[in-house]
Amino acid sequence: MLILERRVERARLWMWASPVLALVLTIIAGGIIFALAGVDPLHGLYTYFISPLMDGWDREKLIAKAAPLVLIGVGLAVCYTANVWNIGAEGQFVAGALLAGLVPVYFSGWQDASVMAVMLLLGVLGGLLWAMIPAALRVRFHANEILTSLMLVYVVRLAYDWAVRGPLRDPHAMNFPKTVRFDGWQVLPAWGEIHLGAFFALVAALVLYVVMVKMLKGFELRALGSSPRAARFAGFSEHRAVYFVFAVSGALAGLAGACDVMGVSRQLQAPYEPNYGFVAIIVAFLGRLNPIGVIFAGLLLALSYMGGEAAKVSLGVSDNIAKVFQGILLFFILACDTLILYRIRWQGRG
Amino acid sequence: MTPAPKTPPLLEARNLVKAFGPLRANDGVDLTVAAGEIHALLGENGAGKSTLVKMLYGALQPTSGELFWHGEALTIANPAAARALGIGMVFQHFSLFEALTAVENIALALPGDFDLAALSGRIATLSADYGLPLEPSATIADLSVGERQRVEIVRCLLQNPRLLILDEPTSVLTPQEAEQLFITLQRLAAEGCAILYISHRLEEVRRICQRATILRHGKVVAACDPRQETPASLARLMVGGDIHAVRAHRDVAEGPVRLRVHELSLPPDGPFSVALQDISLEVRGGEVLCIAGVAGNGQSELFDALSGERVADYAHAVEIDGLPAGRHGVNWRRKHGAAFVPEERLGHGAVPMFHLSDNVVLTRHAVDHTVAANRRVLRPGARAIADRVIAAFDVRKGKPDPEARALSGGNLQKYVVGREMDRNPGVLVVNQPTWGVDAGAAATIRQALVDLATRGAAVLVISQDLDEIFDIADRIAVIARGELSAAHAARDMTPEMIGLYMAGMDEAAAQAAGEGGHAHP
């Protein structure tokens with residue numbers, strides 16, 4: 001029978017081979033799903049994974065989609081490295097979008113460079129403050145942050161929905177649940193489809209890479225995540241670390257939210273459920289919780305969104321196929337990660 | 001000599017051996033337990049008591065040897081088989097689901113289908129009957145430790161045990177709860193149930209047990225009637241009369257007091273934690289003070305308070321080189337010349353998944369600018385220190401800078417001790433420096449501790465190993481139930497006195513120390 005045998009050390013090779021194997025297995029599983037849906041598997045896979053990369057406009061769109069995933073994903077990678085489980089980045093994203101969106105609604109005439117900075121800062125602040133709630137609940141009451149951060153997603157979604165349908169609604173919008181359109185300095189500069197958010201994502205990934213690999217802070221977070229007792233012996237405070245990683249991941253998610261409404265939709269609309277915050281969880285794991293790895297993982301998951309749309313248009317398959325692919329991918333990564341600490345051995349019954 | 005019994009004993013073990021690799025945890029153990037007796041199993045930590053009872057309960061399989069139940073040879077394949085025979089066991093650490101009620105927990109352990117209402121009735125009757133009042137519908141999380149133990153005992157009693165094994169049952173009980181337990185046990189014995197009772201508390205054993213089997217280093221060294229013995233003679237049997245002559249002590253220069261603990265008290269921080277009560281001690285530069293004691297009497301709590309992982313209520317509770325350190329954390333204490341080696345090397349002294357060089361950063365980042373500066377980790381500096389420690393302490397490893405968990409216990413312990421020695425600290429606090437370490441590594445570590453003291457450092461060693469203590473100590477104190485005895489010069493101490501202190505009989509021990517002082521002027 002097959003047995004799992006614990007390795008003496010973690011296998012470096014499998015740290016990076018595991019996501020590749022997971023991707024291959026996802027493609028195979030995807031082919032089977034296409035076949036079951038009555039689509040030629042090769043044509044289906046081509047449409048899903050290759051066709052979105054074929055023209056320049058699509059490639060720009062891919063980067064634009066990847067930007068929020070990377071921005072949120074690097075924050076979550078830092079969080080998960082410290083063994084703190086912020087599952088509520090989606091809520092922090094929406095909180096950032098909502099707070100940034102207040103400015104054009106109430107100060108529509110404010111038109112200079114400062115309004116852009118203020119809106120981005122409000123986005124950061126919104127995500128950060130929303131993330132402080134699960135952090136404080138964990139530190140003060142030992143409340144499980146997985147549950148609290150996730151539940152707060154639904155709270156902020158409802159608050160957002162109420163605000164956009166109520167006090168923030170554009171009176172001239174024919175009763176559609178949306179705000180006024182952002183204008184001038186309230187919109188992020190863009191190059192084709194790619195807006196400033198992509199730049200922020202790149203900077204955040206590089207900065208956090210340096211912090212995690214070179215700085216004592218990164219050492220502290222890795223120690224806390226791997227062995228809390230030893231980290232306490234090193235004099236690191238677990239409470240401070242919980243606040244720190246929630247602040248970083250919340251702020252980045254909030255920034256991503258502000259960038260999304262300032263760069264893509266250019267207004268607040270309801271319902272607003274982009275799910276970037278949830279998909280970024282997959283991005284963080286696929287990127288091995290390494291900020292540089294997260295950049296590549298973000299691009300891959302952005303492709304899964306694009307592929308879903310392409311599949312819908314040219315294959316007539318529901319674009320929920322994207323969620324299926326994302327789920328299968330996460331499942332295979334977690335399974336393949338077993339190989340980092342274990343090797344598979346065949347052993348005859350004896 | 002007792003006359004040969006006409007009926008075979010309830011349980012007999014002959015020549016039981018249990019080997020873990022090269023270590024023989026049980027080495028030819030013989031044991032007989034008769035129906036209706038309360039039989040004590042005595043021995044130091046690591047003497048093999050737990051291994052023996054786990055074999056009797058089917059949780060471990062003997063490497064060789066035979067077991068007889070009512071005179072018939074058998075093997076006990078697993079705990080379920082043991083329970084089917086009528087062997088019940090109450091572990092020191094309970095196996096209860098906290099979120100479930102008492103009756104649900106008990107139902108889970110019983111074979112076959114169950115009817116919770118009927119079972120609740122049986123539990124209520126049985127527990128009242130045996131003087132172990134228990135509310136079947138109470139959630140475990142809401143129960144005190146003593147009440148949780150009752151759930152475990154009642155769970156055993158429901159299966160009409162012929163033999164009940166209790167592993168240090170009173171270690172978690174208040175004196176009143178212990179009294180109640182003794183009454184229950186005596187009643188059970190009167191009904192013909194045999195009880196195998198593991199304890200370190202010699203007074204208790206003398207009070208309720210008719211026979212005692214004493215283990216040392218995996219072998220039975222004596223079987224006696226504890227009622228005919230004194231606590232001192234039992235302690236002597238436990239720790240062995242074969243302790244080597246105390247080595248000639250170094251001439252200790254009367255250095256200044258470098259570590260002082262003054263009336264340190266801390267409440268317990270968990271259900272199995274021990275409160276520290278009014279602990280005071282002084283360690284001078286140049287001396288090794290050893291704190292003896294049976295595990296779980298406050299050693300790790302004391303270590304955490306000394307290292308600053310738990311800060312004290314007031315600043316002068318701990319002083320390092322005369323500076324009040326009680327309110328400061330571990331890195332402040334390190335900056336002022338102290339170093340610490342905890343008991344658990346993997347997961348406390350070192351991060352298992354970190355390389356040895358990163359484990360240098362773990363305890364040095366605040367005190368060594370070659371390891372971390374300007375908020376950056378300096379890997380070359382850390383690597384240089386790791387290499388130095390590896391060379392100085394002959395740490396054997398597979399590749400240049402392996403993860404900590406890849407090292408054997410002895411090698412990692414040498415590394416963790418060496419990492420702190422390398423700083424040449426003025427105060428060193430070590431908890432169980434050679435626990436689970438092979439003899440060669442142990443000798444290296446002990447020598448390093450003595451050498452450090454010789455260079456003028458104050459060395460505090462918390463240990464359960466009496467051989468080790470007599471090997472390296474200048475002075476010895478004993479910790480029992482969170483209280484620390486007076487420290488006596490090692491030459492005035494005997495294993496018997498340490499045993500008395502362990503049993504909490506301080507006056508008798510102090511008296512013996514006084515006599516010892518007269519005997520060896």
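In the predicted model, B:Val103, B:Glu104, B:Ile106 and B:Ala107 of H3(B) are in contact with B:Leu116, B:Leu119, B:Ser120 and B:Ile123 of H4(B). By class, this contact of H3(B) with H4(B) comprises 6 nonpolar residues, 1 polar residue and 1 charged residue. Two packed helices are described by the angle between their axes and the distance between the axes. For helix H3 (residues 102-109) and helix H4 (residues 116-129) of chain B, the angle is about 105° and the axes are 10 Å apart. Angles of 65 to 115 degrees count as roughly perpendicular, and H3(B) and H4(B) are therefore roughly perpendicular to each other.

Helix H8 (residues 216-226) of chain A and helix H11 (residues 356-364) of chain B have axes that come within 11 Å and cross at roughly 100°. H8(A) and H11(B) are therefore also described as roughly perpendicular to each other. On the side of H8(A), the contact is made by A:Leu216, A:Phe219, A:Arg222 and A:Ala223, and on the side of H11(B) by B:Asp358, B:Val361 and B:Leu362. The residues of this contact of H8(A) with H11(B) are 5 nonpolar and 2 charged, with no polar residue.

The interface as a whole was examined next. Chain A contributes 23 residues to the contact and chain B contributes 34 residues. Between chain A and chain B an area of about 2,400 Å² is buried, and carbon and sulfur atoms give 55% of this area. Within chain A, the residues that lose the most area to chain B are A:Glu9, A:Phe219 and A:Phe233, which together account for 31% of what that side buries. A:Phe219 is also one of the residues through which H8(A) meets H11(B).

Polar pairs across the interface were then counted. The rule finds 11 residue pairs in polar contact between chain A and chain B, with both residues at pLDDT 80 or more. On the side of chain A that touches chain B, at least two residues each are supplied by helix H7 (196-214), H8 and helix H9 (228-233) of chain A. H8(A) gives the most to this side, with 5 residues. By class, the side of chain A that touches chain B has 11 nonpolar, 3 polar and 9 charged residues.

Over all chains, the structure holds 36 salt bridges, and 4 salt bridges are found across the interface of chain A and chain B. A salt bridge joins B:Asp304 and A:Arg229, with an N to O distance of 2.8 Å. This pair runs between chains, from helix H9 (residues 299-307) of chain B, which holds B:Asp304, to helix H9 of chain A, which holds A:Arg229. A:Arg12 and B:Glu403 also form a salt bridge, in which the closest N and O atoms are 3.5 Å apart.

Two features of the backbone remain to be described. Most residues other than glycine have a negative phi, and most peptide bonds are trans. The peptide bond between A:Ala270 and A:Pro271 is cis, with an omega of about -5°. A:Pro271 is located in the loop between helix H10 (238-265) and helix H11 (276-286) of chain A. In chain B, B:Asn15 is not a glycine but has a positive phi of about 55°. B:Asn15 belongs to strand E1 (residues 11-20) of chain B.

Conventions:
Residues are numbered from 1 along each chain as its sequence is written. Chains are lettered from A and ligands numbered from 1 in the order in which they are written. This is a predicted model: local features need pLDDT of at least 70, side-chain atom pairs count only at pLDDT 80 or more; totals for chains, interfaces and linings use all residues. Side-chain values use heavy atoms; hydrogens and water are left out. Axes are lines fitted to C-alpha atoms, for helices over the stretch in contact, and angles run from 0 to 180 degrees between N-to-C directions. Helices (H or I, at least four residues) and strands (E, at least two) are DSSP runs, numbered from the N terminus. Angles under 35 degrees count as roughly parallel, over 145 as roughly antiparallel, 65 to 115 as roughly perpendicular and the rest as oblique. Contact means heavy atoms within 4.5 Å. Ala, Val, Leu, Ile, Met, Phe, Trp, Tyr, Cys and Pro count as nonpolar, Asp, Glu, Lys and Arg as charged, and the others, Gly among them, as polar. Buried area is the accessible area (1.4 Å probe) that two parts lose on being put together, summed over both. A salt bridge is a side-chain nitrogen of Lys or Arg within 4 Å of a carboxyl oxygen of Asp or Glu. A polar contact is a pair of N or O atoms within 3.5 Å; within protein, one must be able to donate a hydrogen and the other to accept it, and residues adjacent in sequence count only if both atoms are side-chain atoms.
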